[in-house]
Amino acid sequence: MTGAGGQVGVDLVDVLRGFTPPGGDAAFQPDGRVATPEEFEVLGLTRRELDVTDRDGVLRSIRAARPDVIVHLAAYTAVDRAEEDAAACFEVNEQGTESMSLAASEVGAHLIAISTDYVFDGTKGSAYVEYDDPHPLSVYGASKREGELRCSPRDTIVRTSWVMGVRGKNVIHVIADRAMSGANVRFVNDLKGTVSAASDLARSLVTLVRERPSGTWHVANPGATTWFEVASYVGGLLNRGEEFATPISSSELSPTPLALRPVRSDLNTEKFASNWAALPEWRDAVARLVVDRAHRDDVTR
Ligand SMILES: NC(=O)c1ccc[n+]([C@@H]2O[C@H](COP(=O)([O-])OP(=O)(O)OC[C@H]3O[C@@H](n4cnc5c(N)ncnc54)[C@H](OP(=O)(O)O)[C@@H]3O)[C@@H](O)[C@H]2O)c1
């Protein structure tokens, strides 16, 4: 696994070792199988241990480890910074993914590469399915799309969106901290998407590790929402009244974000659900993150 120190990575390491991460749902097992500590031998590599932009290093590391499956999570994920740092973003997300796919092919490993809803432009007007045409609006989205195209047809591409884990730096913590401190928040209500709890995504990745399907799969907690709706819901969970969250339009954001975001990029996850199981609905996922947020500084086992 690359990107093992990121918010999906820390949850995936736990799940592969048979634990339920903070914010996780022990009952959600998409293929009905509970991982035991003996099932997988896990090698979780952080950037310090493997920089995916070092092609020779990637090949050396994969040749030495000879994995059966590689889950490639490492990515340049700073969406706005990428607008002014495109070369570095493409180096990680396009060339790094190509290196992983080439190395996987060389040792006969199956690659699972993670991509994003930001490969879409948001103009479809309904939830995106796997075969909809990508048309990224941002440098980050374009780099992730190029990464998809550098994968081989045998690889698995998992598109996910609005990822949040208890141990990640994400908006849920910002919202919950403000709610607890008595402050109010303003959040955008004109951009729709699907949230993905890192722990539920991790459990879904375990199923894909076992099954190794080729092609593209959308994985997210079902139900399109907006950040304003998420903030209102979190406020309600923490006993804040309606005054807690105010809806704003994206044009009111100040400073204006550098990267364009799709107006509506929620993912249709029927393909994954019909093969295995739907992820829990987004409110269920967000509630678990809020309840378990005290564990945000826990280190992975
Ligand atoms: N977060 C989201 O909302 C979201 C949405 C859709 C898709 N995704 C995708 O989901 C995957 C996991 O995302 P995440 O939320 O877990 O992101 P994250 O918390 O930002 O983790 C990404 C990890 O990649 C590492 N990394 C960056 N450059 C690297 C390099 N050159 N070599 C090796 N490692 C490198 C980072 O290390 P450092 O911390 O040292 O930089 C970090 O640990 C990514 O592929 C991302 O594109 C995320």
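**Figure 1. Salt bridges in the predicted model.** The count comes to 20 salt bridges, each a side-chain nitrogen of Lys or Arg within 4 Å of a carboxyl oxygen of Asp or Glu. The model is predicted: local features need pLDDT of at least 70, side-chain atom pairs count only at pLDDT 80 or more, and totals for chains, interfaces and linings use all residues. Residues are numbered from 1 along each chain as its sequence is written, and side-chain values use heavy atoms, with hydrogens and water left out.

**Figure 2. Glu39 and its partners Arg33 and Arg210****.** Glu39 forms a salt bridge with Arg33; the closest N and O atoms are 3.4 Å apart. Arg33 counts as partly exposed because its relative accessibility is 43%. Glu39, at 31%, also counts as partly exposed. (Buried means under 20% relative accessible area, exposed over 50%, partly exposed in between; 1.4 Å probe, protein chains only.) Glu39 also pairs with Arg210, with 2.8 Å between the closest N and O atoms. This pair links distant parts of the chain, 171 residues apart. Glu39 sits in the loop between helix 1 (7–16) and helix 2, and Arg210 in helix 6 (residues 198–211). Helices (H or I, at least four residues) and strands (E, at least two) are DSSP runs, numbered from the N terminus. Arg210 has 16% relative accessibility, so Arg210 counts as buried.

**Figure 3. The salt bridge between Arg261 and Asp80****.** The two side chains meet at 2.8 Å, N to O. Arg261 lies in the loop between strand 8 (245–248) and helix 8 (270–275). Asp80 lies in the loop between strand 1 (69–72) and helix 3 (86–107). The pair therefore ties together parts that are 181 residues apart in sequence. Arg261 is partly exposed, at 24% relative accessibility. Asp80 is partly exposed, at 24%.

**Figure 4. A patch of negative charge on the surface****.** Asp51, Asp54, Asp56 and Glu91 gather here. Patch residues have over 30% relative accessible area and no salt bridge, with like charges joined within 9 Å. Asp and Glu count as negative; each charge is placed at CG of Asp or CD of Glu. Areas come from the Shrake-Rupley method with a 1.4 Å probe. Asp56 belongs to helix 2 (residues 55–65). Asp56 counts as exposed because its relative accessibility is 54%.

Definitions and conventions
Patches are made of residues with over 30% relative accessible area and no salt bridge: like charges are joined within 9 Å, nonpolar side chains (Val, Leu, Ile, Met, Phe, Trp, Tyr) within 5 Å.
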